[in-house]
Amino acid sequence: MTLQERVWQRRNRLRNRFPSQASSELRDGPAPGPGPRRKTTLADVAERAGVSTSTASRALNGHGGLAPATRAAVEDAAAKLNFQPSALARSLRTRQTFTVGFVVPDVSSPFYAAALQGAQGMLEQAGYRVMLMDANQDVDHELAALETLLSHQVDGLLVSSAGLPSDVFESALADRPTPTIFFDGVVAGCGDGSVTLDDERGITLLVEHLAEHGHERIGLLAGSQRESAGAARLRTFLAEMERRGKTPEERDVKVCSWTIADGRRASLELLDGDRRVTAVLASSAELALGFMSAASMRGARIPEDIALVAFDDPYFGDLLEPSLTAVAYDPRSVGALAAELLVEGMQSRSERRELRVPVTLVRRGSCGCEAKVAR
């Protein structure tokens with residue numbers, strides 16, 4: 001123990017031995033009223049342990065060159081005083097904020113809510129906090145969200161893009177390159193990796209299943225074509241129908257935003273046509289709900305008058321009437337995998353990786369099936 005540490009230790013021992021003298025002035029004056037509880041500081045820990053502030057800091061930050069007894073005394077004092085290190089001080093010391101930006105097109109979507117849960121669990125284990133930003137399905141809002149997060153100096157970004165152009169994304173990060181992992185909505189050629197759903201397999205499963213029920217004229221609620229997932233689902237649907245010799249008419253394919261309201265609008269157009277489709281494939285759970293609403297408004301029965309299948313299998317899919325036939329996957333794993341890639345990128349700048357999450361078909365009542373069977 002150094003001379004300075006001995007001086008601090010003796011001073012604190014004397015203070016603890018004669019507490020009455022140290023507080024005599026307080027007893028002579030009026031009794032103090034209750035005040036706000038003061039946050040424990042590093043100086044408090046040092047005083048309790050009988051060491052200097054610099055020694056306490058070294059002990060808590062794991063630096064070497066300290067006697068085991070000194071380190072133990074500091075750690076014991078920190079525990080008893082419930083000391084919480086300053087995140088700001090740690091950031092200044094390490095030049096990291098230990099925060100990750102999480103940008104999604106719609107925070108109200110069950111998919112993004114579950115993906116956030118998966119990502120946050122993984123990031124907390126690695127010592128990172130999450131800052132959530134909603135782009136409101138708008139590229140300008142998405143750009144503003146990115147700029148806000150970068151101004152807060154986040155260490156990494158998890159982004160499901162609403163369709164931001166690649167040159168705009170690259171320009172936003174030009175002054176502060178930040179590890180970025182995309183999930184679901186990808187900006188082509190950008191970022192350090194991605195986690196996407198197997199959109200092609202999912203759409204193929206749904207078209208095949210409707211064909212098994214004898215449907216030849218199938219309509220599509222395609223979703224936004226600015227987003228990579230929406231574009232992939234439309235592209236696969238057209239290719240699969242072409243492969244079967246059933247090229248859909250232009251009026252049977254409706255491009256719309258990923259909302260129940262716009263799904264309802266597009267579905268009414270499908271239902272009000274002169275030659276109605278016999279089945280509809282919705283590219284998301286929200287669009288499927290929009291179709292169910294429109295069918296109710298027009299008195300069309302599902303599946304008796306028109307069948308319905310969807311790409312997403314929401315947590316309430318089996319509670320709907322009729323229950324929803326859908327392509328299913330684990331949205332939490334999407335977020336967790338993306339967070340795992342990001343942690344690797346922030347800590348070691350690993351090579352770019354692209355992961356694909358598998359999907360399965362869940363058969364329920366909306367297509368005409370009776371039993372729930374996963375394939």
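1. Basis. The model is predicted, so local features need pLDDT of at least 70 and side-chain atom pairs count only at pLDDT 80 or more, while totals for chains, interfaces and linings use all residues. Residues are numbered from 1 along each chain as its sequence is written, and side-chain values use heavy atoms, with hydrogens and water left out.

2. Largest pocket. Its volume is about 430 Å³. A pocket here is an open set of points on a 1 Å grid over the protein atoms alone, where a 1.4 Å probe fits and protein lies on both sides within 12 Å along at least five of seven lines. The volume is the space filled by probe spheres set on the points, which are joined across faces, edges and corners. The lining consists of 25 residues (those with an atom within 4 Å of a point), and Ser109, Pro110, Phe111, Asp312 and Tyr329 lie nearest the centre.

3. Origin of the lining. Helices H8 (110–125), H12 (228–243), H14 (285–298) and H15 (331–348) each supply at least two lining residues. Helices (H or I, at least four residues) and strands (E, at least two) are DSSP runs numbered from the N terminus. H8 gives the largest share, 5 residues. By class, the lining has 14 nonpolar, 3 polar and 8 charged residues. Nonpolar means Ala, Val, Leu, Ile, Met, Phe, Trp, Tyr, Cys and Pro; charged means Asp, Glu, Lys and Arg; the others, Gly among them, are polar.

4. H8 and H15. Two packed helices are described by the angle between their axes and the distance between the axes. For H8 and H15 the angle is about 40° and the axes are 6 Å apart. That makes H8 oblique to H15. Axes are lines fitted to C-alpha atoms, for helices over the stretch in contact, and angles run from 0 to 180 degrees between N-to-C directions. Under 35 degrees counts as roughly parallel, over 145 as roughly antiparallel, 65 to 115 as roughly perpendicular, and the rest as oblique. The residues in contact (heavy atoms within 4.5 Å) include Phe111 and Ala114 of H8 and Pro331 and Val334 of H15. This contact has 11 nonpolar, 3 polar and 2 charged residues.

5. H11 and H12. H11 (residues 199–212) packs on H12 at about 40°, with the axes 9 Å apart. H11 is therefore oblique to H12. Among the residues in contact are Asp199 and Glu200 of H11 and Arg233 and Arg235 of H12. The contact divides into 6 nonpolar, 2 polar and 6 charged residues.

6. H4 and H5. H4 (residues 42–49) and H5 (residues 53–60) pack at about 100°, with axes 8 Å apart. The two are therefore roughly perpendicular to each other. Leu42, Ala43 and Ala46 of H4 meet Thr53, Ala56, Ser57 and Leu60 of H5.

7. Backbone. Most residues other than glycine have a negative phi, and most peptide bonds are trans. The bond between Ile302 and Pro303 is cis, with omega about 5°, and Pro303 lies in the loop between H14 and strand E9 (307–310). The bond from Glu321 to Pro322 is also cis, with omega near 0°; Pro322 is in the loop between E9 and strand E10 (325–328). Gln153 has a positive phi, near 60°, and sits in the loop between helix H9 (139–151) and strand E3 (156–159).
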